[in-house]
Amino acid sequence: MDIIYSDSARIKAKGTAPILDKVTPANGSAYQEMIKGVNIDFYNPNGTIDGNLVCDYAIRRDNELKTEFRKNVVVKSSKGDTFSSQELIWDESKKIFYSNQRVYVKGVDGSVGEGINFKAPQDFSTYEMDSGNGELNMKEGVTP
């Protein structure tokens, strides 16, 4: 299954899932389940891929406009940072990713960190988390 997410006629993301089950319970909200995982490429305004998300399982709850990515979730941002966790949730209406699970971050500069209560805009340009620890690589510089 190929899934395309667009806004104002521009492709923002394209996902591929080997299996997508659409479930419409008689007494509940409809959802889409990707039991064999998903691979999503994120596109910048120029139409080139600048990020990626892969996981082993995902579920999108239609009424909530939320997608839960679970099991071996790995995100590579446009800046080259890598985020990994056992769960990340995408809130479409707020345009954020978040998780209460532990999230590990590896920066393109070799910095590493981890924390809980993770929150980032959907482009992963910045992020915040609590109870964090790690190692930062800082460049020496001259302050003006």
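These legends describe close-up views of a predicted model, starting with the whole chain.

The model is predicted, so local features need pLDDT of at least 70 and side-chain atom pairs count only at pLDDT 80 or more, while totals for chains, interfaces and linings use all residues. Residues are numbered from 1 along each chain as its sequence is written, and side-chain values use heavy atoms, with hydrogens and water left out.

**Figure 1. The protein chain holds 13 strands and zero helices.**
Helices (H or I, at least four residues) and strands (E, at least two) are DSSP runs, numbered from the N terminus. Along the sequence the pattern reads β-β-β-β-β-β-β-β-β-β-β-β-β. The C-alpha trace spans about 65 × 35 × 25 Å along its principal axes. Of the 144 residues, 33% count as buried. Buried means under 20% relative accessible area, exposed over 50%, and partly exposed in between (1.4 Å probe, protein chains only). Among contacts between residues at least 6 apart in sequence, 30% join residues at least 24 apart. Contact means heavy atoms within 4.5 Å.

**Figure 2. Surface and charge of the protein chain.**
The accessible surface comes to about 9000 Å², and 49% of that belongs to carbon and sulfur atoms. Areas come from the Shrake-Rupley method with a 1.4 Å probe; for residues, only the protein chains shown count as cover. There are 18 positive and 21 negative side chains. The centres of the two sets lie 3 Å apart. Lys and Arg count as positive, Asp and Glu as negative; His and the chain ends are not counted. Each charge is placed at NZ of Lys, CZ of Arg, CG of Asp or CD of Glu.

**Figure 3. Tyr-5 and Trp-90 form one of nine aromatic pairs in the structure.**
Rings of Phe, Tyr and Trp (its six-membered ring) pair if their centres lie within 6.5 Å; planes under 30 degrees apart count as stacked, over 60 as edge-to-face and the rest as tilted. The ring centres of Tyr-5 and Trp-90 are 5.2 Å apart and their planes stand at 90°, so this pair is edge-to-face. The pair links distant parts of the chain: Tyr-5 sits in strand 1 (residues 2-7) and Trp-90 in strand 9 (residues 82-91), 85 residues apart. Tyr-5 is partly exposed, at 25% relative accessibility. Trp-90 is buried, at 13%.

**Figure 4. Trp-90 also pairs with Phe-97.**
Their ring centres lie 6.3 Å apart with planes at 20°, so the pair is stacked. Phe-97 is buried, with a relative accessible area of 2%. Ring pairs join Tyr-5, Phe-69, Phe-83, Trp-90, Phe-97, Phe-118, Phe-124 and Tyr-127 into a cluster.

**Figure 5. Asp-62 lies in the loop between strand 7 (57-61) and strand 8 (66-76).**
Asp-62 counts as buried, at 17% relative accessibility. Leaving out residues up to four places away in sequence, Asp-62 touches Lys-22, Ala-30, Tyr-31 and Gln-32.

**Figure 6. Asp-130 lies in strand 13 (residues 128-135).**
Asp-130 is partly exposed, with a relative accessible area of 42%. Its side chain makes a polar contact of 3.2 Å with the side chain of Asn-117. Beyond neighbours within four places in sequence, Asp-130 contacts Gly-115, Ile-116 and Asn-117. Pro-18 is 112 residues from Asp-130 in sequence and 35 Å away in space, C-alpha to C-alpha.

Notes: A polar contact is a pair of N or O atoms within 3.5 Å; within protein, one must be able to donate a hydrogen and the other to accept it, and residues adjacent in sequence count only if both atoms are side-chain atoms.
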